[in-house]
Amino acid sequence: MKVLVTGGMGYIGSHTCVQLMEAGMTPVIVDNLCNAKDEVLNRIAALTGQAPAFHQGDIRDEAFLDSVFAQHEIDAVIHFAGLKAVGESVAKPLEYYDNNVNGSLVLARSMRKAGVKSIVFSSSATVYGDPAIVPITEDSPTGATTNPYGTSKHMVEQCYSDLFAAESDWSITLLRYFNPVGAHPSGTMGEDPQGIPNNLMPFIAQVAVGRREKLSVFGDDYDTIDGTGVRDYIHVMDLADGHLAALKAVGKKSGLHIFNLGTGKGSSVLEMVNAFGEACGKQVPYEICPRRPGDIAACWASTDKAERELGWKATRTIAQMTQDTWRWQSNNPQGY
């Protein structure tokens, strides 16, 4: 199976490409490198024995996408490409809607012209907003999002759902991720955010390796076990395997398929800080700061549907998540 992977040089995309190749599939990467580095291609090649085809360009460029589809016999698409920082989305909403929503529409149009009607979309648990009940199931209400990033993901879900309603021969899979963390166990690939990290784990890792002075913990007055936010952290390798499971189970079946990808349990910020301290053998300094706009107190997934219909379940522990992150960061203190 030949799979077009948009955003395939990014954090989750690159790990998924490795897993696709290990499973005998052929990824074709499209990425504009706005949040990734071309060194990733060398790391994928070192792990798998060959570099996948890579086309540098923007998914909003329809002529570019058309040319990629013309060059390759693509069977399915995994669509990761998108801007992903909650805080930045509050400051730059137009950029997020243009990149995430418009880009997804251009991609679908190009796919339709090429006769490729199987897509796995990288959505997010942010589509659920501030959940009234946890764990969150796929039937939980969506749309009451708390930031433009989450709203952009919900908009794409709506667009793709309407596309399936109009053209029922598509296979459209919406994967709602919870909080991806970790790195490839080899220590050669991991999360390498540009500038100041927006997510917890790479920030902790950069503090531990000496790149940053201390971690900012945003809020300690939530109604949680220790007052800090609780999230469902999932190892990036489990997440990558979830995409393979989706392609195999429903990628060739017409329908609108929706799955949560998480572990089914939540951990607080301070629990993750302490776990990382054990992994790296030293305390990670932090300070409590005010809450960030758009953040919620707690969310974690119900993963029953993915287990039942995809035969997939996250298996890697918090200890593995933190150990693999530390191995990556200590081997690559400045990232790629």
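L33 lies in the loop between β2 and α2. Its phi is near 60°, a positive value in a residue other than glycine. Helices (H or I, at least four residues) and strands (E, at least two) are DSSP runs, numbered from the N terminus. The model is predicted: local features need pLDDT of at least 70, side-chain atom pairs count only at pLDDT 80 or more, and totals for chains, interfaces and linings use all residues. Residues are numbered from 1 along each chain as its sequence is written, and side-chain values use heavy atoms, with hydrogens and water left out.

**The parallel sheet**

Seven strands, in the order β3-β2-β1-β4-β5-β6-β11, form an open sheet with parallel pairing. The edges are held by β3 (53-56) and β11 (255-261); each has a single partner strand, so one side of each is left without a neighbour in the sheet. From one strand to the next, the twist averages 20°, where angles run from 0 to 180 degrees between N-to-C directions and axes are lines fitted to C-alpha atoms, for helices over the stretch in contact. Two strands count as paired if DSSP finds at least two bridges between them. Strand β1 (residues 2-6) pairs with strand β2 (residues 26-31) in the parallel sense over 5 bridges, and the bridge partner of V5 in β2 is I29. The parallel pairing of β5 and β6 runs over 7 bridges, with S122 opposite L175 in β6.

Strand β6 (residues 171-177) has 7 of its 7 residues buried, so it is largely enclosed by the rest of the structure. Here buried means under 20% relative accessible area, exposed over 50%, and partly exposed in between (1.4 Å probe, protein chains only). In a regular strand the side chains alternate between the two faces of the sheet. Both faces of β6 are covered: S171, T173, L175 and Y177 are buried on one side, and I172, L174 and R176 on the other.

The loop between β5 (118-124) and α6 (148-166) contains P135. A cis peptide bond, with omega about 0°, joins V134 to P135.

Strand β9 (residues 230-231) pairs with β12 in the antiparallel sense over 2 bridges. Within this pairing, S267 in β12 is the bridge partner of R231.

**Helix packing**

| Helix pair | Angle | Axis separation |
|---|---|---|
| α1 (residues 11-22) and α2 (residues 39-48) | about 30° | 10 Å apart |
| α9 (residues 269-280) and α11 (residues 318-331) | roughly 60° | within 9 Å |

The angle between α1 and α2 makes α1 roughly parallel to α2. Angles under 35 degrees count as roughly parallel, over 145 as roughly antiparallel, 65 to 115 as roughly perpendicular and the rest as oblique. The crossing of α1 and α2 is right-handed; a crossing is right-handed if the near helix is turned clockwise from the far one by less than a right angle, and left-handed if anticlockwise. On α1, S14, C17, V18, M21 and E22 meet V40, I44, L47 and T48 of α2, where contact means heavy atoms within 4.5 Å. By class, this contact of α1 with α2 has 6 nonpolar, 2 polar and 1 charged residues. Ala, Val, Leu, Ile, Met, Phe, Trp, Tyr, Cys and Pro count as nonpolar, Asp, Glu, Lys and Arg as charged, and the others, Gly among them, as polar.

Helices α9 and α11 are oblique to each other, and their crossing is right-handed. The residues M272, A275, F276, A279 and C280 in α9 meet I318, T322, Q323, T325 and W326 in α11. The contact of α9 with α11 divides into 7 nonpolar, 3 polar and no charged residues. Q323, in helix α11, counts as partly exposed at 39% relative accessibility. Q323 and T137 are 186 residues apart in sequence and 29 Å apart in space, C-alpha to C-alpha.

**A covered helix**

Helix α7 (residues 200-208) is mostly covered, with 9 of its 9 residues buried. The elements that cover the buried residues of α7 include β7 (179-181), β8 (215-218), β10 (233-235), α9 and α11. After α7 comes G210, whose phi is positive, near 95°.
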